[in-house]
2 protein chains.
Amino acid sequence: MDVNLMNVLARVSKSATHAEMANAIRALSMDAVEKANSGHPGMPMGMADVATVLFTQFMKFDPADPAWPDRDRFVLSAGHGSMLLYSLLYLLGYPHMNRTEIERFRQLNSRTPGHPEYGHTPGVETTTGPLGQGLATAVGMAIAEKLLAARYGAGIADHRTYVITGDGCLMEGISHEAIALAGHLKLSKLIVLWDDNGITIDGKVSLADSVDQLARFEAAGWSASRIDGHDPKAIAAALEAAQSSKKPVLIACRTTIGYGAPTKAGTHAVHGAALGKDEVAGARAALGWTAAPFEIPDNIQKAWSEAAGYAAGAHADWTARYAKLDAATKARYDADLSGAIEPAVAAAVESFKKAASESGAPQATRISSQKLLDWLSPAQPNLIGGSADLTGSNNTRAADMKPVTPDDFSGRYIHYGIREFGMAAAMNGIALHGGFIPYGGTFLVFADYSRPAIRLAALMGIRVIHVLTHDSIGLGEDGPTHQPVEHLAALRAIPNLLVFRPADAVETAEAWELALQARSSPSVLALTRQNLPIVRRAHTTENLSDAGGYVLRAPEGERDITLFATGSEVSLAVEAAEQLANEGVRAAVVSLPCFELFAKAPAAYRASVIGTAPRIAIEAAVRQSWDIVLGPEDGFIGMSSFGASAPAGELFKKFGITVEAIIAEARARLAPRKQ
Amino acid sequence: MDVNLMNVLARVSKSATHAEMANAIRALSMDAVEKANSGHPGMPMGMADVATVLFTQFMKFDPADPAWPDRDRFVLSAGHGSMLLYSLLYLLGYPHMNRTEIERFRQLNSRTPGHPEYGHTPGVETTTGPLGQGLATAVGMAIAEKLLAARYGAGIADHRTYVITGDGCLMEGISHEAIALAGHLKLSKLIVLWDDNGITIDGKVSLADSVDQLARFEAAGWSASRIDGHDPKAIAAALEAAQSSKKPVLIACRTTIGYGAPTKAGTHAVHGAALGKDEVAGARAALGWTAAPFEIPDNIQKAWSEAAGYAAGAHADWTARYAKLDAATKARYDADLSGAIEPAVAAAVESFKKAASESGAPQATRISSQKLLDWLSPAQPNLIGGSADLTGSNNTRAADMKPVTPDDFSGRYIHYGIREFGMAAAMNGIALHGGFIPYGGTFLVFADYSRPAIRLAALMGIRVIHVLTHDSIGLGEDGPTHQPVEHLAALRAIPNLLVFRPADAVETAEAWELALQARSSPSVLALTRQNLPIVRRAHTTENLSDAGGYVLRAPEGERDITLFATGSEVSLAVEAAEQLANEGVRAAVVSLPCFELFAKAPAAYRASVIGTAPRIAIEAAVRQSWDIVLGPEDGFIGMSSFGASAPAGELFKKFGITVEAIIAEARARLAPRKQ
């Protein structure tokens, strides 16, 4: 036994045995699921030994300060086993986690919802439940740790990221993207404990899967081993070996699901339902657990409290090192960790807008975004860019961003590979970790691939920025597989997601500014492939997009008609309005770069923007979501089918999204009034 | 050299050399991309040797009958390399593929769109472009072949499925789901040719990936080897070895992207843009290609035509075997392949509806679906069920369905594993292959995972049925990660997708019938976890859901108000209407099980259903998409945020989706009129 392992084992409590400590998790989990008559007892009972060794002998954390930046991160990717985590947080004395909360498992407004929810329960590092995403999010956390260490040194950033996954996580496709990225980037402080219990909901894993997971992880550049997940010494030895790995580590923990349940252990019957009175009684007997439901014997609680104290010791050491940082470094670190936007950002946006308004040169908004990023990147040095292998198309790499490589994390640009979902989940992990503001690019149509992670970011309320280019049939020849038609609507349907579709370079800058300022919401920037005229020719310091929509062109006198549009269609609306003016029709043009912000604007403001004249909306996408301003009788010019492969100009004609079509629609709507 | 390989090599043409035949693909690809000034020349030029050997020495197909059921399937998973496929179809003499079409590459209404489109170009087996999905769809095709062989024998169903993938396909998460499923099911007739060129859009693959792909595939139960993708003998030897494999086969073909281009070959500059005049000239010189653009020398065309004739020989043999089938078997086979719905289905639906209406017993619609499937399954024996490891929750397994296992494909139920996306793509492949009608289950919230494949099914216009249960906050304690809120809207936004949300057992049967009848559309059935009362107490033979919506409850006399609802909220609307009747308010209730069908119903019918009274809609989801019946001033009772973890009844109260809330809203809307 080596010296390190002896040190680790020295943390083993004298107050209670390992089995007693692990059984505390099992008992709480059984009792909570039984009382709720809902939940998943099998995983917590199976992984109690692993979790006990991990939290009492290896993890560094401080229950008194769950937000301490250099804590080890723990991600329960198999989120349905939430009682494992809640039991740990309770036994370790985390804030707000008490017996009442455990007894209120899965009840309204408890701290113990069915799946762990970030922002809801201190000690929960990320919301999990949608399988595979916890693992992929943890990859982002491990990336963030290395980014931070490259900037501030190992004295300030030096923690591990531990993950518990189940079989489901490893079957999901996202797991491939996650482990390939982690292996490529040599994230050696990422340690995955796989609950290798051979059981899924439908029965045995062998019903549907034959993958040699150890070989698979090794093929992706991981170190992998298999242990008995009920042997505390084997668990400790594997975790100890993992501490010095040069690669990310998979530890396959052979466990019995529902360990202790007399008739259901080792079967899918114990996965996702209360055990029932008799089975609970049998399990208590088998485990030698005699305490009343929800009660923890003093010696066992004492042992857990000792473990919490030991784990917290590292916090004091870290604080001492932090205190010794020079003032400039400390200020930089505090700023990075605060998540605040630098004052220089507003100045960069202002200058960019002014230059764009004055120049008036047509530009694709993806290019505008890149040029702005060249200014934003030095202004906000904790911005971390990236793309899912479309750097030159998404225009996501700022001039001063050098790539992150496996051996050098001082860079600020991540080549995420052809992994849209993995990128989105990793960005969630980077944002959750703290210290950085991640953004990443792909085509808008592939938001379908990353959608589950975008949803999770919205649910968690975290700032992640998705740069989604090629935002309509305007991308042209690549055809309907690559042309988003329904994606704006589908994204606007997600609560707490800001979907921006800027009309020109000026609105692109405004959208970026708002996305950076949105501390509690992810954002999408839908940008064009094709050039757009500048419609905001008069410079304003004010961010007009902040209200979600505004009158871009007001006619003289009362409006005859109002044209609403976003993105590439705003300039069509402006041109139509100008031509209509020649016919004596007074058309207003409203640009609506962000429906979500417009919905939140004061009602009186909204009413003034919408006006009372007949309405036509123009967007090269489906009509759904446009009821934000349209009634059933109003006009819409857009798409009602998938697109086609042809040069962009021909497609706009084919699908009738043209200045002429707008004018014709306006005339048709005004004709009855003029008669 | 073994005898088989000698036979294969006997197919090598005497009219032209291998290099000449492969260079014909390269020249056409260069020329077409150059003329369009758009497209991807690198892959076709790199894989021309592999494709030439595959199509001239191994594939069986008949250009005169691209729909011959027992043809080998070819899937270009790296769909951006579409000119590879178009060149092959042209050289082999497929219908409608002529020089004009090649010259009109990527132009409006050509047969040669930017990415291969199923249903648009004969010989294109599936629409590809969204990376990874071609491979996953091919898995479904290979499954369908084994299902068919288990029913009709190897004389009738005995073909291979060949796939060309790029690095992108193998980085995408879906590739993991696909190869794990294929390896588990021992799909030994699936042969994947990986264009191992080491280049992606951003640069070298090594920028973002370090996976040992051969080891990875072997870990998933595949046979894997690496060859020089420019050596025709090595290609033939590897393909020959693959013919007798007991496992699915990966052949890594080391190629030079843009082979022949003098300065750009082997770099990402050749991936996705026209080569330019000078580079094309250089490539022609390097390849010794002297024919004019788009011209194929006679001897080379002759060689390709000979290859097509050889490949077609197998068709005549098959037809002879088919002719010898006994009449009953032939009738069964023809029925399966026709895609027709058996008359017994209508009878089963009718009986089920009648029994449900008469019984009136409350039932979760997921249970109704299962009970109906017990009747449908014997009535429609080519139905293939499955679930992404939620069989007991999705209630997708009919009583007479035994599972498909790696060694026995006579079953009809597929345990897809925890692979929602892989399942959806495999179902696309089963539907595209023909012979079967696939359906599969997961939770509605995880439609986000399978969404890219649902979209592709809608784009292709194929019949695939998604049974998506746990369709609202009504699932209760699992909480917001598992509660769909925006998913109905997001799915309704996809063109050509039928989204059904049935209100009770009767509408569930009607939805199933319509989904089965929809030959050119995929369907979603959104079903409840919780019990619902039967609202259709009066039996009708007519399928009322066929119009998408109908008046479920008409008050006596003129309507005061109309309540619109779907699924679990319909019974709330009915109860509210009954209570309002006690107050003298005449409320109609409209059930809207399918917005897409309602939108297609005649305008007069829709107007009669919608009526002119004030409107309130009720759905436990976001309002978006409800503008199908609501104007901005109308009422909506539903969700505007994510859900929460608690028992379902408490959640409906918390979010205000109750009979009381409907009544209050109705009173508020009627008050001004009554004053």
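This is a predicted model: local features need pLDDT of at least 70, side-chain atom pairs count only at pLDDT 80 or more; totals for chains, interfaces and linings use all residues.
How many bridges pair strand β11 of chain A with strand β12 of chain A, and in which sense do they pair? I'll take chain A's sheet, then chain B's sheet, then the interface.

So, the answer. β11(A), residues 437-443, and β12(A), residues 465-469, pair over 5 bridges, in the parallel sense. Here is one example. Tyr439(A) has Ile465(A) in β12(A) as its bridge partner. In general, strands of a sheet pair through backbone hydrogen bonds, either parallel or antiparallel.

Now zoom out. These strands belong to an open sheet of 6 strands in chain A. Read across, the order is β10-β9-β11-β12-β14-β13, with parallel pairing. Look at the edges. β10(A) and β13(A), the latter at 498-500, each have a single partner strand, so one side of each has no neighbour in the sheet. The twist from one strand to the next averages 20°. Then there is a helix. α15(A), residues 365-379, lies across β9, β11 and β12 of chain A. Against β9(A), residues 383-387, α15(A) runs at about 150°.

Over to chain B. Here we have an open sheet of 5 strands. The order is β1-β2-β3-β7-β6, again with parallel pairing. Which strands stand at the edges? They are β1(B), 73-76, and β6(B), 223-228; each has a single partner, so one side of each is left without a neighbour in the sheet. Neighbouring strands of this sheet are turned by 20° against each other on average, direction ignored.

Look inside the chain B sheet. β3(B), residues 190-196, and β7(B), residues 249-254, run parallel and are joined by 6 bridges. Val192(B) has Leu250(B) in β7(B) as its bridge partner. Helix α10(B), residues 232-243, packs on this sheet. α10(B) touches β2, β3, β6 and β7 of chain B, and its direction makes about 165° with that of β6(B).

Next, the interface. In general, the size of an interface is often given as the accessible area lost when the parts come together. Between chain B and chain A, the buried area is about 7600 Å². Carbon and sulfur atoms give 57% of that area. In chain B, the residues that lose the most area to chain A are Tyr449(B), Arg455(B) and Phe642(B), together 10% of what that side buries. The contact takes 94 residues from each chain, A and B.

Now the polar side. There are 49 residue pairs in polar contact between chain B and chain A. Which helix gives the most to the side of chain B that touches chain A? α18(B), with 8 residues. Other helices of chain B that supply at least two residues include α8 (173-184), α17 (420-433) and α24 (648-654). By type, that side of chain B divides into 41 nonpolar, 32 polar and 21 charged residues.

Last, salt bridges. Side chains of opposite charge can pair when their charged atoms come close. Over all chains the count is 67. Across the interface of chain B and chain A, there are 8. Take Asp448(B) with Arg451(A): their closest N and O atoms are 3.0 Å apart. Then take Arg419(A) with Asp209(B), at 2.6 Å between the closest N and O atoms. That pair crosses between chains, from loop to loop. Arg419(A) sits in the loop between β10 and α17 of chain A. Asp209(B) sits in the loop between β5 and α9 of chain B.

Terms used: Residues are numbered from 1 along each chain as its sequence is written. Chains are lettered from A and ligands numbered from 1 in the order in which they are written. Side-chain values use heavy atoms; hydrogens and water are left out. Contact means heavy atoms within 4.5 Å. Buried area is the accessible area (1.4 Å probe) that two parts lose on being put together, summed over both. A salt bridge is a side-chain nitrogen of Lys or Arg within 4 Å of a carboxyl oxygen of Asp or Glu. A polar contact is a pair of N or O atoms within 3.5 Å; within protein, one must be able to donate a hydrogen and the other to accept it, and residues adjacent in sequence count only if both atoms are side-chain atoms. Helices (H or I, at least four residues) and strands (E, at least two) are DSSP runs, numbered from the N terminus. Ala, Val, Leu, Ile, Met, Phe, Trp, Tyr, Cys and Pro count as nonpolar, Asp, Glu, Lys and Arg as charged, and the others, Gly among them, as polar. Two strands pair if DSSP finds at least two bridges between them. Axes are lines fitted to C-alpha atoms, for helices over the stretch in contact, and angles run from 0 to 180 degrees between N-to-C directions.
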